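Good morning, colleagues. Please have the sequence and the three-dimensional view open while I speak.

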Amino acid sequence: MATATKTFKNFIGGEWVDAGSGETFETTSPATGEVLGVFPKSSAEDVDRAVAAAKAAYEEWRLVPAPRRGEILFRFGALLAEHKDEVADLMAREMGKVLPEAAGDVQEAIDMSYYMGGEGRRLFGQTTPSELRDKFNMSVRQPIGVVGVITPWNFPIAIPSWKIAPALVCGNTIVFKPATDTPLLGERFVELLVEAGVPGGVVNIVHGGGGEVGNRLVQHPDVPVITLTGSRETGVAVLQSAAENLKHVHLELGGKNAIIVLDDADLELAVEGILWSAFGTSGQRCTAASRVIVQQGVYDELQKRLVGAAEKLRLGPGWEDGVDVGPVINKRALEKIHSYTEIGVGEGAKLLTGGEVASGNGLGDGSFYRPTIFGDVDPQMRVAQEEIFGPTTALIPVKDVDEAIRVSNGIEFGLSSSIFTRDVNTAFRAMRDLEAGITYINAGTIGAEVHLPFGGTKGTGNGHREAGQAALDVFTEWKSIYVDYSGKLQRAQIDTEL
Ligand code: NAD
């Protein structure tokens, strides 16, 4: 492989530089254990340098006309499209997802870049009437400053694009800290942005752990906005740590998403939707279906078909043809996923298939886990309540739609939800009553498109949304402007005569 053991750098103020300490860490392939690259293990001082560069660059970048900023994003989208196969292959190697899904991850970033590129000619505000004569009112979006972008490893190209594309088009500058499991993809992302024409200092990347690099970004007084996608625990810690400086904090956190299958559902379609949502990306999506809530009348049949289909899924390295399920991200994840199998068995759930680390058959030193299905799960069991983030799903029998919705809502998270039914009235009820940021009708829990808001309710976040127009609210401040051209003092709420 061309990238093997190559040493990479941070990108600060338009230059590729080592960490001040000279320390490094390695990125490895979860499919083989092979070392793919060596990265700077940065410290607070490296973050400080990057923030200073981003702060200096902001003074000029905020004045670049928004359509020009958008054009850079169009070029970035085109470059991603040109390099799609290469980046997808890199993703299959560094993060582990299978090639078609890796290509989908890159496509999402292409879509987001084009969508936000177009915002360069919109970024709409409002003009309104005034309550006084000869006075003009309007509101405009203004950039905020340096944005700290902290991302997870599971969508290593798409998620950075959800944050960096809107932040840039709005006129902010960036310090980006990718996850330590996928630094190679973070670095490729930035290389292509630079090739697209982003000026020096506007986008900076600092590699390293959450405790050092992430935490310094969150606490740095010159970083007014933090956008983080990660686990609930990390989100809460970041929110607390950012409180002192009253930062804008945008959080996209975990999920425990459910698919409801009612007696009148198209079962074949439901099984396909469940397989894709539960075992795609080896279950490592925030929107993965880790619960399937099934009405009694179809429970046995659905269980039989689902277990049969799951047992046919082929495990292997993501870049190989015909592989359905790639590895999980690392050995730590493998242990966590297996611990939940033991928890489920201990709680009395019925292990229907999987439940073990997969090895042999060319799986080598990789971190593979067999697609795992629990049956007869009680909604209060830990396997039905906690985010496992692996290829494990729990079948929960219910008697009717009321119970199904209650169970679906009975968790701390509120990201994605889904229902399979042929009854239009039931579908509309579910759209209204499912407590989640996203609801799918007759489709699984995954499949978001970039022009609609993305995010969740309850423990999944803090009320913001990624993507669509909603993303602009994270990366801009509203300014209301009143222009009085009457030539005299007019007092709002006081000079009320016609
Ligand atoms: P994680 O919380 O361990 O890490 C996420 C990022 O935060 C990493 O870059 C990490 O280095 C950094 N970080 C960790 N501690 C920090 C701290 N104290 N201060 C600042 N930064 C810190 O999550 P992960 O394991 O990389 O990703 C999996 C999690 O992400 C799952 O819970 C999943 O549901 C969630 N996720 C959510 C969405 C969504 O949009 N809602 C999308 C994808 C993943």
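Which helix gives the most to the lining of the largest pocket? Helix 8 does, with 6 residues. Before I go further, some conventions. This is a predicted model, in which local features need pLDDT of at least 70 and side-chain atom pairs count only at pLDDT 80 or more, whereas totals for chains, interfaces and linings use all residues. Residues are numbered from 1 along each chain as its sequence is written, and side-chain values use heavy atoms, with hydrogens and water left out. Helices (DSSP runs of H or I, at least four residues) and strands (runs of E, at least two) are numbered from the N terminus.

Let me begin with the pocket. A pocket here is an open set of points on a 1 Å grid over the protein atoms alone, with protein on both sides within 12 Å along at least five of seven lines. A cavity, to which I shall return, is a set of points where a 1.4 Å probe fits but cannot get out. Lining residues have an atom within 4 Å of a point. Grid points are joined across faces, edges and corners, and a volume is the space filled by probe spheres set on the points.

The largest pocket has a volume of about 1100 Å³. It is lined by 49 residues, and those closest to its centre are Pro 152, Trp 153, Gly 230, Ser 231 and Thr 234. At least two lining residues come from each of helix 5, helix 7 (210–219), strand 11 (225–229), helix 8 (232–243) and helix 11 (331–347). By class, the lining of the largest pocket holds 21 nonpolar, 17 polar and 11 charged residues. In this scheme Ala, Val, Leu, Ile, Met, Phe, Trp, Tyr, Cys and Pro are nonpolar, Asp, Glu, Lys and Arg are charged, and the others, Gly among them, are polar.

I turn to the cavities. How many cavities of 30 Å³ or more are there? The count comes to 3. The largest cavity has a volume of about 90 Å³. Its lining consists of 15 residues, with Gly 283, Ala 288, Ser 290, Glu 387 and Phe 389 nearest its centre. That lining divides into 6 nonpolar, 6 polar and 3 charged residues.

Phe 389 is partly exposed, with a relative accessible area of 22%. Buried means under 20% relative accessible area, exposed over 50%, and partly exposed in between, using a 1.4 Å probe and protein chains only.

The second largest cavity holds about 70 Å³ of space. Of the 15 residues that line the second largest cavity, Ser 408, Ile 411, Ser 416, Glu 435 and Ala 436 are closest to its centre. Two or more lining residues come from each of strand 13, helix 12 (401–409), strand 20 (413–414) and strand 21 (416–420).

Now to two helices. The expected span of a helix is 1.5 Å times one less than its number of residues. Why does the length of helix 10 agree with expectation? Its 16 residues, 296–311, should span 22 Å, and its end C-alpha atoms are 23 Å apart. Helix 10 bends by about 30 degrees at Leu 302, the bend being the angle between axes fitted to the seven residues ending there and the seven starting there. Leu 302 is also among the buried residues of helix 10, which include Val 298, Tyr 299 and Gln 303. The buried residues of helix 10 pack against several elements, including helix 9 (267–279), strand 14 (289–295) and strand 19 (392–398). Contact means heavy atoms within 4.5 Å.

Helix 2 (residues 66–82) has 17 residues and reaches 25 Å from its first C-alpha to its last, close to the expected 24 Å. Its buried residues include Arg 69, Phe 76 and Leu 80, and the buried residues of helix 2 pack against helices including helix 1 (44–61) and helix 4 (99–119).

Finally, is Asp 105 buried or exposed? Asp 105, which lies in helix 4, is buried, with a relative accessible area of 1%. Leaving aside neighbours within four places in sequence, its contacts include Lys 97, Asn 154 and Phe 155. Arg 422, by contrast, is exposed, with a relative accessible area of 59%.
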